[in-house]
Amino acid sequence: MSIMTQLEFELDFSHSEKEIAHYILNEGEKVLSLSIKELAKKTYTSPATIVRLCHKLGLKGYGDFKIKYSAELQFDLAHTDRIDVNFPFNEEDNDSMIAYKLASLNQEVIAETIQLIDFEQLHQIVELLDQNKDVDIYGTGNSLLAAMSFQHKMMRIQRNVNLKMLAGEQVFMSYNSNKNKIAMIISYSGETNELIKIAEILKEKKTPVIVLTSVGDNRLSHYANYILNIGSREKIFTKIAPFASQTSIEYLLNVIFSCLFKKDYETNIQNKISYDKENDVRHPLHSPVNDIAE
């Protein structure tokens, strides 16, 4: 997880550490010119508090923070032509501008996500899922919505994706897991306490765990046997909607599904077409999108 995301997430931050985080996020590049004593003075804290905050961010100290924070800011400055994933449109934009900006955002997010894919990891994940017809998926909120779409597709190629929607049921499902099951956990932040608890249980059960999460050293990534990274420019709270993370997650799940589909391509094509022709009643015979020959 990026430094900026961690600062916004405020995981286990004290009140003073939150004040420092707010100041850094508000001032951006200006912070890099400040000594630790100057930053402490401006935030009404102390150098020791700043060092403790740096340690919570996984950094060695304030010097390490300035180097890595500067690198993040420079990366953003080098890509100023990109759409702002958190606020891709503003109140002055008309309807067509919003439509074009969201289209550009989706293209950018997918291009970034593919750059993050470790294709050896992807291959191992596909092989693992190919050998096991069932997979238990864990997630909350938007991650679970993406998982539902994945479940719908996988069912069409005789794969069983297990989802639990009610509070507490996912934890219960993890207790019923074992080394012969496969688990997939989807979490953009990688810091959701319920999912961390589930990951701990799955590790105890020796269940292989596939994790889809943002780039960086978040807690969830430590429990992954296999990992695919979600595009990570999106902030946790300060945004209009999870446009970017949702697109990135759905893209990765579509890639996994498609690679599995290819494993038995002709059979899957015939099964899908045969099923749809017999059971899909969405399109009347004379619909312009009907592909059944008259």
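Glu-127 counts as partly exposed, at 22% relative accessibility. On that scale, buried means under 20% relative accessible area, exposed means over 50%, and partly exposed is in between, with a 1.4 Å probe and protein chains only. I start with this residue and work outwards.

First, the ground rules. This is a predicted model, so local features need pLDDT of at least 70 and side-chain atom pairs count only at pLDDT 80 or more, while totals for chains, interfaces and linings use all residues. Residues are numbered from 1 along each chain as its sequence is written, and side-chain values use heavy atoms, with hydrogens and water left out.

Back to Glu-127. What does Glu-127 form a salt bridge with? The partner is Lys-263, and the closest N and O atoms are 2.3 Å apart. A salt bridge here is a side-chain nitrogen of Lys or Arg within 4 Å of a carboxyl oxygen of Asp or Glu. Glu-127 sits in helix α7 (residues 119-131) and Lys-263 in helix α11 (residues 243-263), so this pair ties together parts that are 136 residues apart in sequence. Helices are DSSP runs of H or I with at least four residues, strands are runs of E with at least two, and numbering goes from the N terminus. Lys-263 is partly exposed too, with a relative accessible area of 35%.

Now the two helices themselves. The axes of α7 and α11 come within 10 Å and cross at roughly 60°. Axes are lines fitted to C-alpha atoms, for helices over the stretch in contact, and angles run from 0 to 180 degrees between N-to-C directions. α7 and α11 are therefore oblique to each other. The crossing of α7 and α11 is right-handed. Right-handed means the near helix is turned clockwise from the far one by less than a right angle, and left-handed means anticlockwise.

Who meets whom? From α7, the residues are Leu-122, Ile-125, Val-126, Glu-127, Leu-129 and Asp-130. They meet Val-255, Ile-256, Cys-259, Leu-260 and Lys-263 in α11. Contact means heavy atoms within 4.5 Å.

Which way does α8 run against α11, roughly parallel or oblique? The axes of α8 and α11 come within 10 Å and cross at roughly 20°. That makes α8 roughly parallel to α11. This crossing is right-handed. The α8 residues that meet α11 include Leu-145, Ala-146, Ala-147 and Phe-150. On the α11 side, the list includes Ile-249, Leu-253, Ile-256, Phe-257 and Leu-260. Ile-256 and Leu-260 are also among the α11 residues that meet α7.

Asn-142 belongs to helix α8 (residues 142-155). Asn-142 is partly exposed, at 36% relative accessibility. Leaving aside residues up to four places away in sequence, Asn-142 touches Pro-242 and Gln-246. How far is Asn-142 from Tyr-23, C-alpha to C-alpha? They are 30 Å apart in space, and 119 residues apart in sequence.

What does the record say about this region? According to UniProt, in an unreviewed entry, the annotation "domain: SIS" covers residues 125-266. UniProt positions are in the numbering used here, feature names are shortened, and annotations may be inferred rather than shown by experiment. In the model, that span is 44% helix and 17% strand. The end C-alpha atoms of residues 125-266 lie 22 Å apart.

Back to charges. How many salt bridges are there? The count comes to eight. Lys-239 and Glu-234 form one of them, at 3.1 Å, N to O. Glu-234 is buried, at 1% relative accessibility. Lys-239 is partly exposed, at 22% relative accessible area. Another pair is Lys-30 and Glu-27, at 3.9 Å, N to O. Lys-30 is exposed, at 58%, while Glu-27 is partly exposed, at 27%.

Then Lys-41, in helix α3 (residues 36-42). Lys-41 is exposed, with a relative accessible area of 67%. The C-alpha atoms of Lys-41 and Leu-102 are separated by 42 Å, and the two are 61 residues apart along the chain.

Last, the whole chain. There are 12 helices and five strands. The C-alpha trace spans about 75 × 50 × 35 Å along its principal axes. Buried residues make up 42% of the 294 residues. Among contacts between residues at least 6 apart in sequence, 70% join residues at least 24 apart.

Technical notes:
Parallel < 35°, antiparallel > 145°, perpendicular 65-115°, else oblique.
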